[in-house]
Amino acid sequence: MPWHAVRCAAEHPLHAMTRPLRLALSMALALPLYALLALLGMVSLVWNLVAMLLYPVLPAETGRTLGRRVIAHAYRAFWASASLCGMMRIDASCLDALRNERGLIFVANHPTMLDALLLVARLPRSACIMKADLMRNVFLGAGARLARYIRNDSARTMVKLAVEDLRNGGQLVIFPEGTRTVTPPLNAFRPGVTLIAKLAQSPIQTVFIDTDSPYLAKGWPLWRVPPLPIVFRLRLGQRFAPSQHSDALLNQLEQYFRQSMEQRSPDAQAACQTSRAPTLS
């Protein structure tokens with residue numbers, strides 16, 4: 001029998017024996033992850049009950065500031081705990097230098113359901129544009145209303161509120177794909193972000209979210225055990241100046257994301273640029 005055949009025959013039973021062990025190890029590692037997710041759910045529920053009481057009595061500006069800071073700290077504590085437990089490896093430090101810059105729009109790709117949590121955790125000044133049905137979610141709705149997050153059910157109202165928030169010194173987090181990526185590397189961009197930038201005269205800071213994990217991507221259920229640890233790396237891209245030609249800028253923005261993601265090597269190291277990335281007009 002050829003040597004390579006003997007080798008394969010010898011390795012095959014061992015490989016078969018290790019598969020149950022790997023599955024058992026994966027399940028054991030997943031338990032802390034789901035415990036953390038359950039804890040995050042409990043914290044969110046308690047905070048939303050508190051936010052429900054605070055919303056009618058606090059001035060809008062106070063509620064906005066408090067609501068956004070509490071959400072940011074809660075999510076940051078979640079990511080720190082997940083990292084300490086070895087469930088996740090997260091590098092989002094590139095955002096820290098931009099956390100206090102007023103009137104800035106962050107545009108990112110959208111590979112998983114966790115993307116908004118990654119950005120908001122580092123950007124306590126920021127608001128998200130949310131699906132309208134999430135505003136009625138028991139774990140998210142009251143807190144989002146207190147923080148003056150923005151509903152997307154009316155395009156006109158969404159743009160108006162986003163522009164007002166940016167002019168008042170807030171930041172905006174937008175995923176122009178509109179939903180998690182279905183056709184890698186990127187879904188077609190939906191209109192809105194460049195119109196908001198034009199009306200508010202706000203620059204657009206691009207952010208790339210890199211992950212090799214399928215966890216909570218489109219079609220991946222919450223209960224399914226992912227490969228661990230889950231790795232997220234955030235990196236800053238180019239900064240785009242607002243343009244009077246918002247449709248043309250939207251096409252330019254999408255092509256920039258698409259080309260950058262197609263050309264990037266999967267094993268390339270995450271690279272933070274300077275806090276003020278180059279501006280494209």
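Q: Is Arg64 buried or exposed, and how do I read that from the model?
A: Buried means under 20% relative accessible area, exposed means over 50%, and partly exposed is in between (1.4 Å probe, protein chains only). Arg64 is buried, since its relative accessible area is 9%. Keep in mind that this is a predicted model, where local features need pLDDT of at least 70, side-chain atom pairs count only at pLDDT 80 or more, and totals for chains, interfaces and linings use all residues. Residues are numbered from 1 along each chain as its sequence is written, and side-chain values use heavy atoms, with hydrogens and water left out.

Q: Where does Arg64 sit, and what does Arg64 touch?
A: Helices (H or I, at least four residues) and strands (E, at least two) are DSSP runs, numbered from the N terminus. Arg64 belongs to helix H2, residues 60–84. Contact means heavy atoms within 4.5 Å. Leaving aside residues up to four places away in sequence, Arg64 touches Leu146, Ala147, Arg148, Asp165, Asn168 and Gly170.

Q: Which residue forms a salt bridge with Arg64?
A: A salt bridge is a side-chain nitrogen of Lys or Arg within 4 Å of a carboxyl oxygen of Asp or Glu. For Arg64 the partner is Glu61, with the closest N and O atoms 3.3 Å apart. An α-helix has 3.6 residues a turn, so residues three or four places apart point the same way. Here, Arg64 and Glu61 are three residues apart in helix H2, so about one helical turn separates them. Glu61 counts as partly exposed because its relative accessibility is 45%.

Q: What about the salt bridge of Asp165 and Arg68?
A: Their side chains meet at 2.5 Å, N to O. That pair links distant parts of the chain, with Asp165 in helix H5 and Arg68 in helix H2, 97 residues apart. Both Asp165 and Arg68 are buried.

Q: And where are Asp210 and Arg235?
A: The side chains of Asp210 and Arg235 form a salt bridge of 2.6 Å, N to O. Asp210 lies in strand E6 and Arg235 in strand E7 (residues 230–240), so the pair ties together parts that are 25 residues apart in sequence. Asp210 is partly exposed at 21% relative accessibility, while Arg235 is buried at 10%. Elsewhere, salt bridges that share partners join Glu61, Arg64, Arg68 and Asp165 into one network. The structure holds 10 salt bridges.

Q: How many residues does the largest nonpolar core have?
A: A nonpolar core is a set of buried Ala, Val, Leu, Ile, Met, Phe, Trp, Tyr and Cys residues joined through side-chain atoms within 4.5 Å. The largest one has 71 residues, and Ile105, Leu119 and Tyr149 have the most contacts inside it. Helix H1 (residues 3–54) gives the most to this core, with six residues. As for Tyr149, its contacts beyond four places in sequence include Arg68, Ile71, Val120 and Met135.

Q: Which residues of helix H6 are buried, and how are they arranged?
A: The arc to look at is that of the directions from the helix axis to the C-beta atoms. In H6 (residues 193–200), Val193, Thr194, Ile196, Ala197 and Ala200 are buried. Down the axis of H6, they fall within an arc of 155°, so they line one face of the helix. Their packing partners include strand E2 (105–108), helix H5 (155–167) and helix H7 (246–263). After H6 comes Gln201, with a positive phi near 55°.
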